[in-house]
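Hi,

Here is the structure I promised to pass on. Have a look at it first, and then read my notes below.

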Amino acid sequence: MEKYLYIALFAPLVSSLFSSLFTAKPKKQFVGVIASLLIATSFVSSVILGFYILGGGEAIHVELMTWINTGGLYIPFGFVVDEISVTMMFVVTLVSMLVHIYSNGYMDHDPSFNRFFAWLSAFVFSMMVLVMSDNFAGLFIGWEGVGLCSWGLIGFWYYKESATWAANEAFIMNRIADLGMLIGLFLLYWNTGSLQYDVVFSKVALLDHSTLIWIGIFLFIGAMGKSAQFPLHTWLADAMEGPTPVSALIHAATMVTAGVYLVIRSNPLYDLVPEVGIFIASLGTFVAFFAASMALVNRDMKRIIAYSTLSQLGYMFAAAGLGAYWVALFHLMAHAFFKALLFLGAGNVMHAMHDELDPFKMGALKEKMKWTWIMMTVASFALAGVFPLAGFFSKDTILEAAFVDHHYVIYGVLLFTAALTAFYSFRLVALIFHGNDRYSQFGIHPHEAYNYMLWAMAPLFFFAIIAGIMQTPFFEMVEEALNAREYHIHSEAVKWIMLIGTQVLVIASIFYAYRKYNRNDITVPDGTSKTENRLCYKVLFNQYYIPYFYEEYLVKPYRELSGLFWKKFDLRVVDATVDGIAKILYNTGEETRGMQSGNLSVMLRWMVVGLVILLIFAGAVGLAVRYSDKILSFLSALGV
Amino acid sequence: MEIGLSHYLILSTILFGIGLYGVMSRKNLLMLFFATEILLNSVNIGFAAISHYLGDLTGQMFAFFVIAIAASEVAVGLGLLVVWFKRHNRIDLDEMMSMRG
């Protein structure tokens, strides 16, 4: 089985290295094909490992080689395939493989086709390191690796100012959060003497409670950055500047869930600090609602889906914070399927609409793009949690978990958010695919994407529909590893009321969205209508003015401070010193070049001058030695 | 008055000073050689005097070395000088500027 582990891990690396050989060359179709095949190899290996673990096999643990071995610190390049990592591996490789295939079509006309695959495969490799590592150090390497690849892919079209800006924003925000994570890791190492998961988790129970709280908080700060939780959430929406397959793979299905993975992986730690757990759950719930509210009014197709991702990440954190780790992991998996599908569908629409993102300028695309319409609608149903699609099983279990644990506020907010989710998802679908045709006035002739792109989406489509039946086997698989329990509501009546109530609420929201946006008199908003001038619309449309706040109160003062230091300190002190030294040397040379006249007589005179100086020096040293006692007593009298 | 070590050293210093002055001020290459001879011999006086004073023959041996090397140096130097004179008809130091930087 070990060989499958190595194949799953290193096939993406090989793919990345291979593709990077051609980055400076014009488009080569075989690069995309080979990269896709290698990722597919990785996927097949992951599936084999998955069935092995699902069948009750022992977790596979390998140590590739020693990385750091010094003093008391021993960190190997060790990898583990257990119930948690195999789930992540399955999700990551499946979505990666499909996105690789899809990208062959999506990036078809891009001059940097080869470079795209180099970055994308490098991302897959980093993500695999992240989820397969058996210690926190390896996880951190993967963590930084995905951060780097995310930077490279958001800023893929580096000639666009907005893209580089968004890439830097994402990178910097993640670095801020990573500092928290590093502190958490240092605390862990300081207190347990190891970073290996098994060693650390066997020792956490012995630690001080307050230490554990700090560790929990700092690790979660790292997770907040990667998973874009409030207040570090702004980068995710801006990250939509990257190519759409990147958004599907990195900023919906895999990388942003790394924070959730970290919390799930550290479950023995978080089990001991329920206070932090409640904080995580509350923050998650808040973000779920907060992001969903911003998605209600947004007019950028990709941003709406990004906010929905943010909102679903909030759900996952809510579940993980409440100790329902398996539910969080299950929702992570289900979400990866339908969200990637939604993004790839959005990619098709973008292609058809020549990169137009405003859904108000689309409408009536369902005739032209039948399959994209069907897939996105089903993905939206799954996202909204309609029976019997994937979202129903995962999201409903989160609600049940909150209800059973008597966190009624969390339950209420999440339930309300579910209604919002249904509304904004179908607002988007209705605006894009239904209603009157608004794109013709912009001179756009939409067409369906290549067939193989649709085929690449088909497995996601399939899983978005049937992921629900995987719930029971999944539960049995992770039961032991995550200390999972089922959430049963005692009274049958309450259970059915909740179930049906949620469904009715969600379906009502869907109908409302359709009624409001599936009309033939929708026009492109121009900022004059009554709705658009309402205060709450403005607040939501401007994302609660948070980006504005960051820009105005953090970025600008920082920039001014930097400018001040630059002009006052850097230029006047540091630069002046360095320039001064250079100037002294230069001037000395300029002044003394007269000595090199070539006249022997003059040179001899300078030789004599040197001799005299040396004689004076020798004399001074001789005198100092001769009278050293007196000099010393004189100096001590002065108090030196 | 007894002639002691310090007299020899003073003589040596005076001769060194004369030689140094000659080296700096003379423009004729031949005179320059004379001045260097004075410099070398002033040092020889110092060597011999201190050698005698300390009862150690090393200093006198060094003086002989210096004399021998000075002789060969002058031989080579005069040879070059003669060649230069044949070519340029002058031996003025200020004219030898080929090493000007």
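Let me start with a loop in chain A. A:Pro231 sits in the loop between α8 and α9 (234-238) of chain A. The peptide bond that joins A:Phe230 to A:Pro231 is cis, with omega at about 5°. Keep in mind that this is a predicted model, so every value here is computed from predicted coordinates.

A:Pro388 belongs to the loop between α16 (370-384) and α17 (390-404) of chain A.

While you have the backbone up, check two residues for phi. A:His406 is not a glycine, yet its phi is positive, about 65°. You'll find A:His406 in the loop between α17 and α18 (408-433) of chain A, and it counts as exposed because it has 8 C-beta neighbours inside 10 Å. A:Gln543, also not a glycine, has a positive phi of about 55°. The loop that holds A:Gln543 runs between α22 (535-541) and α23 (546-592) of chain A. Is A:Gln543 buried or exposed? Buried: 21 C-beta neighbours lie inside 10 Å, and the cut-off for buried is 20 or more. As background for these spots, most residues other than glycine have a negative phi, and most peptide bonds are trans.

Now the overall picture, chain by chain. Chain A has 25 helices and two strands. Its C-alpha atoms fill a box of roughly 110 × 65 × 55 Å along the principal axes. Of its 640 residues, 48% are buried. Taking contacts in chain A between residues at least 6 apart in sequence, 80% join residues at least 24 apart.

Chain B has three helices and zero strands, in the order α-α-α along the sequence. Its radius of gyration is 17 Å, while the globule rule gives 13 Å for 101 residues, so chain B is more spread out than a compact globule. The C-alpha trace of chain B spans about 50 × 25 × 25 Å along its principal axes. Buried residues come to 13% of the 101 in chain B. For contacts in chain B with a separation of 6 or more, 44% are between residues 24 or more positions apart.

Where do the two chains meet? Nine residues from chain A and eleven residues from chain B take part in the contact. On the chain A side, the residues divide into three nonpolar, five polar and one charged. The contact is made by A:Leu604, A:Arg605 and A:Val608 from α24(A), and by B:Leu20, B:Val23 and B:Met24 from α1(B). By class, that gives five nonpolar, no polar and one charged residues.

Further on in chain A comes helix α25 (residues 628-638), which is hardly covered: of its eleven residues, the count of buried ones is zero. A:Gly639 follows α25(A) and has a positive phi, near 90°.

There is also a helix pair inside chain A. Helix α8 (residues 209-226) and helix α13 (residues 274-297) of chain A pack at about 25°, with their axes 9 Å apart. That angle is under 35 degrees, which makes α8(A) roughly parallel to α13(A). The crossing is right-handed. From α8(A) the contact uses A:Ile213, A:Gly216, A:Ile217 and A:Phe220, and from α13(A) it uses A:Glu275, A:Val276 and A:Ile280. Those residues divide into five nonpolar, one polar and one charged.

Finally, two single residues. A:Ser85 is found in helix α3 (residues 83-106) of chain A and is buried, with 27 other C-beta atoms within 10 Å. Not counting residues up to four places away in sequence, A:Ser85 touches A:Val80, A:Val131 and A:Met132. A:Phe77 is in strand β2 (residues 73-81) of chain A and counts as partly exposed, because it has 18 C-beta neighbours inside 10 Å. Leaving aside neighbours within four places in sequence, A:Phe77 is in contact with A:Leu64, A:Met65, A:Trp67 and A:Gly138. A:Phe77 and A:Trp67 are ten residues apart in sequence, and their C-alpha atoms are 5.8 Å apart.

Cheers

Note on methods. Residues numbered from 1 in each chain as written. Chains lettered and ligands numbered in written order. Predicted model: local features only at pLDDT ≥ 70, side-chain atom pairs only at ≥ 80, totals over all residues. Helix = DSSP H or I, 4+ residues; strand = E, 2+ residues; numbered from the N terminus. Rg over C-alpha atoms; globule rule 2.2 N^0.38 Å. Buried ≥ 20, exposed ≤ 12 C-beta atoms within 10 Å, placed from the backbone. Contact = placed C-beta atoms within 7 Å. Axes fitted to C-alpha atoms, helices over the stretch in contact; angles between N-to-C directions. Parallel < 35°, antiparallel > 145°, perpendicular 65-115°, else oblique. Left-handed = near helix turned anticlockwise from the far one by under 90°. Nonpolar A, V, L, I, M, F, W, Y, C, P; charged D, E, K, R; others polar.
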